[in-house]
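Hello,

Here is the structure I said I would pass on. Please look through it first, then read my notes below.

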Amino acid sequence: MNKIRTATALTTLGLVAAMMAGCASAAAEPGDAAPVDEVRLGYFANVTHAPALVGLEEGLFADALGDVEVTTQVFNAGPAAIEALSAGAIDATYIGPNPSINTFIQSGGESARIVAGAATGGAALVVRDGIDDPADLEGTTIATPQLGNTQDVAARVWLADEGFETDTSGGGDVQITPTENAQTLTLFQDGQLDGAWLPEPWVSRLIVDAGAHVLQDEADLWEDGQFPTTVLLVRTEFLDEHPDVVADLLTGHEAAVQWIADNPDEAPTVINGAIEKETGKPLADAVITRALEHVSFSVDPHADTFQTLVENGIEAGTQKDGSIEGLFDLRLLNEQLEAAGEEPVSAAGLGED
């Protein structure tokens with residue numbers, strides 16, 4: 001049996017209740033904005049974005065949203081998704097925590113709100129043979145998905161803690177080269193990279209397909225191994241004008257998280273099928289199995305970790321200092337969780353819950 005790590009989401013009976021309550025809004029009543037006939041959703045073709053993949057493949061978003069169509073755009077890393085969100089090209093996106101923090105601080109708290117968590121775990125530094133200790137990284141080149149994305153920040157902070165200097169232009173004791181994930185695999189196989197700090201399934205791809213090994217699992221750097229990898233971020237204007245649509249989107253999201261928990265044998269096939277659609281090639285069975293063993297799925301965004309993430313981004317030199325008070329708006333999510341008889345999740349004093 002494939003092992004899939006899941007956190008408590010909605011019970012089956014509770015999910016039905018939540019879906020019935022999905023159109024209710026705890027945040028605000030829709031204003032004078034005209035009704036919308038679509039919600040434009042961003043996501044990545046990564047295992048850490050499995051709720052998006054499952055929600056689309058199993059029709060859970062379509063079921064929850066009814067006459068409102070879901071249109072999608074696929075990204076490689078968070079900063080690119082933020083650009084699209086900021087430009088109004090998408091309304092919501094699955095994304096890592098650091099780009100969410102960045103856009104919130106840079107916009108003075110106006111751009112977007114985290115409305116739910118999606119995944120925790122599933123990121124690591126993997127390296128070639130001959131690198132068995134952090135000291136062996138002196139003079140090497142490692143990749144991250146994009147400058148300022150969640151894994152890029154984690155890599156820079158960890159390397160600093162290990163005594164290495166890096167900079168955002170690729171200099172320093174260890175050169176960090178932001179690289180698209182598929183290209184990272186190719187470059188690693190060709191011997192042009194010594195390692196990479198990546199999310200799943202790319203960690204497992206480099207291990208299974210290219211002979212890498214884990215030097216640092218990011219889970220080991222966090223208390224209880226719990227750190228947010230993916231959240232659901234919504235453009236503030238869209239949330240304010242269409243809370244009913246966001247509520248229904250959350251219903252679909254919650255249903256996807258629950259579906260993964262309820263279908264541990266079927267989930268790898270569904271997730272892998274969705275990845276194949278976007279990348280043109282399915283993952284090897286060993287890759288998808290290993291990847292899912294290292295990721296947990298939950299609607300809890302683990303807001304209590306975000307102040308640490310802010311400090312990490314500042315230390316990494318990839319974001320400005322600033323307040324993240326107000327980053328979370330979990331009222332719609334908690335309304336649905338409470339209707340389902342589930343415990344609410346906390347904004348940790350950083351917004352509404």
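**What lines the cavity**

In this predicted model, the residues lining the largest cavity comprise six nonpolar and twelve polar ones, with no charged residues. That lining has 18 residues, and those nearest the centre of the cavity are Phe44, His49, Asn149, Gln151 and Pro199. Two elements, helix 6 (150–161) and strand 11 (228–235), each contribute at least two residues to the lining. The space inside the largest cavity is about 110 Å³. If you look for cavities of 30 Å³ or more, you will find one in the structure.

**The nonpolar cores**

As background, nonpolar side chains in soluble globular proteins tend to be buried together. Here the largest nonpolar core has 92 residues. The members that touch the most others in this core are Val47, Leu137, Ile271, Phe297, Phe306, Ile324 and Phe328. Which helix gives the most to this core? It is helix 10 (residues 243–262), with ten residues. Another core, of 13 residues, lies apart from the largest one, and its members include Ala124, Leu185, Val203 and Leu206.

**Two loop residues**

Thr140 sits in the loop that runs between strand 6 (123–127) and strand 7 (141–144). Is Thr140 buried or exposed? Its relative accessibility is 4%, and buried means under 20%, so Thr140 counts as buried. The Thr140 side chain comes to 2.6 Å from the backbone oxygen of Leu137. Leu137 was also named above, as one of the residues that touch the most other members of the largest nonpolar core. Leaving out residues up to four places away in sequence, Thr140 is in contact with Arg128, Ile131, Asp173, Val174, Gln175 and Asp194.

His302 is in another loop, between strand 12 (295–297) and helix 13 (306–316). The relative accessible area of His302 is 15%; this is under the 20% limit, so His302 is buried too. With residues up to four places away in sequence not counted, His302 touches Thr120, Gln226 and Pro228. What separates His302 from Val231 in sequence and in space? They are 71 residues apart along the sequence, and their C-alpha atoms are 9.4 Å apart.

Regards

Note on methods: Residues are numbered from 1 along each chain as its sequence is written. This is a predicted model: local features need pLDDT of at least 70, side-chain atom pairs count only at pLDDT 80 or more; totals for chains, interfaces and linings use all residues. Side-chain values use heavy atoms; hydrogens and water are left out. On a 1 Å grid over the protein atoms alone, a cavity is a set of points where a 1.4 Å probe fits but cannot get out, and a pocket is an open set with protein on both sides within 12 Å along at least five of seven lines; lining residues have an atom within 4 Å of a point. Grid points are joined across faces, edges and corners, and a volume is the space filled by probe spheres set on the points. Helices (H or I, at least four residues) and strands (E, at least two) are DSSP runs, numbered from the N terminus. Ala, Val, Leu, Ile, Met, Phe, Trp, Tyr, Cys and Pro count as nonpolar, Asp, Glu, Lys and Arg as charged, and the others, Gly among them, as polar. Buried means under 20% relative accessible area, exposed over 50%, partly exposed in between (1.4 Å probe, protein chains only). A polar contact is a pair of N or O atoms within 3.5 Å; within protein, one must be able to donate a hydrogen and the other to accept it, and residues adjacent in sequence count only if both atoms are side-chain atoms. Contact means heavy atoms within 4.5 Å. A nonpolar core is a set of buried Ala, Val, Leu, Ile, Met, Phe, Trp, Tyr and Cys residues joined through side-chain atoms within 4.5 Å.
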